[in-house]
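Hi,

Here is the structure I said I would pass on. Have a look, and my notes follow below.

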Amino acid sequence: MAIKAANDKSMSNITALPSGVSAKSLILLDTFTSDGSDDTATFASSIDSTYKEYLFVYTGVHPQTDNAEFTVNFRDGSTAYDATKTTTYFNSYHDEADSGTGVGYNTDMDLAQATGVQNIIQDCGADNDQAGSGYLCLFDPSSTTFVKHFYGRSSNAHGGDYAQDIYFAGYCNVTAAIDGVQFKFSSGEIQAGVIKMYGVV
């Protein structure tokens, strides 16, 4: 298989992507920027059949309360964010003192046919130098035939001074369309952070 490259070692003259390379684009649809007094970040518009995939990117989310979970939930046509979900969650960690490390499936953070929030950052620290960042992908939320899958990954400074890497995935087990997504901490406000919602073309 030949490797295709620009002859002048520059990207500026490439007019087409090689076969098999995706040309997907991200279309920014909405942005939440904390002003320090928001307890939720709600995306309740622009989630429709326009796109088959939506990407949420959260950057530097910082809790008011130490060791708070950053969570997500989904609205399925009503006014409540309580779509039934089944999920899985695992994480790895390493503390600053180099005295604690680990990786594993975390049964305390998953859901089985539950309507409560899904944790996507565990025990985020509230010190001035602590926060969390990551992303969540939601697929085909307007389908009224199939369940709605999602997955994501987060990185955060744990309240106990651990670096933490988190993977989560699952599905909203409803045939109704998902028309809203809401992020919040388990306690207190979102003191800082930006969350962007993109449609994936």
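There are 13 aromatic pairs in the structure (rings of Phe, Tyr and Trp, with its six-membered ring, pair if their centres lie within 6.5 Å; planes under 30 degrees apart count as stacked, over 60 as edge-to-face and the rest as tilted). Take tyrosine 58 and phenylalanine 183: their ring centres are 6.2 Å apart and the planes sit at 45 degrees, so this pair is tilted. Tyrosine 58 is in strand S3 (residues 53-63) and phenylalanine 183 in strand S11, so the pair ties together parts 125 residues apart in sequence. Tyrosine 58 is buried at 0% relative accessibility, and phenylalanine 183 is buried with a relative accessible area of 0% (buried means under 20% relative accessible area, exposed over 50%, partly exposed in between, with a 1.4 Å probe and protein chains only).

Then there is tyrosine 93 with tyrosine 162: centres 5.4 Å apart, planes at 75 degrees, so that pair is edge-to-face. Tyrosine 93 counts as partly exposed at 33%, as does tyrosine 162 at 26%. One aromatic cluster is formed by Phe43, Phe56, Tyr58, Phe70, Phe183 and Phe185.

Before you go further: this is a predicted model, where local features need pLDDT of at least 70 and side-chain atom pairs count only at pLDDT 80 or more, while totals for chains, interfaces and linings use all residues. Residues are numbered from 1 along each chain as its sequence is written, and side-chain values use heavy atoms, with hydrogens and water left out.

Now the sheet. It is open, has 4 strands in the order S2-S11-S4-S7, and pairs antiparallel (strands are DSSP runs of E, at least two residues, numbered from the N terminus; two strands pair if DSSP finds at least two bridges between them). S2 (41-43) and S7 (118-124) are at the edges with a single partner strand each, so one side of each has no neighbour in the sheet.

S4 (residues 68-75) is joined to S7 by 4 bridges and to S11 by 6. Threonine 71 has asparagine 119 as its bridge partner in S7 and lysine 184 in S11. In S4, 8 of the 8 residues are buried, so the strand is largely enclosed by the rest of the structure.

Lastly, glutamine 182 lies in S11 (residues 180-185) and is buried at 16%. Its side chain makes a polar contact of 2.9 Å with that of threonine 42 (a pair of N or O atoms within 3.5 Å; within protein, one must be able to donate a hydrogen and the other to accept it, and residues adjacent in sequence count only if both atoms are side-chain atoms).

Cheers
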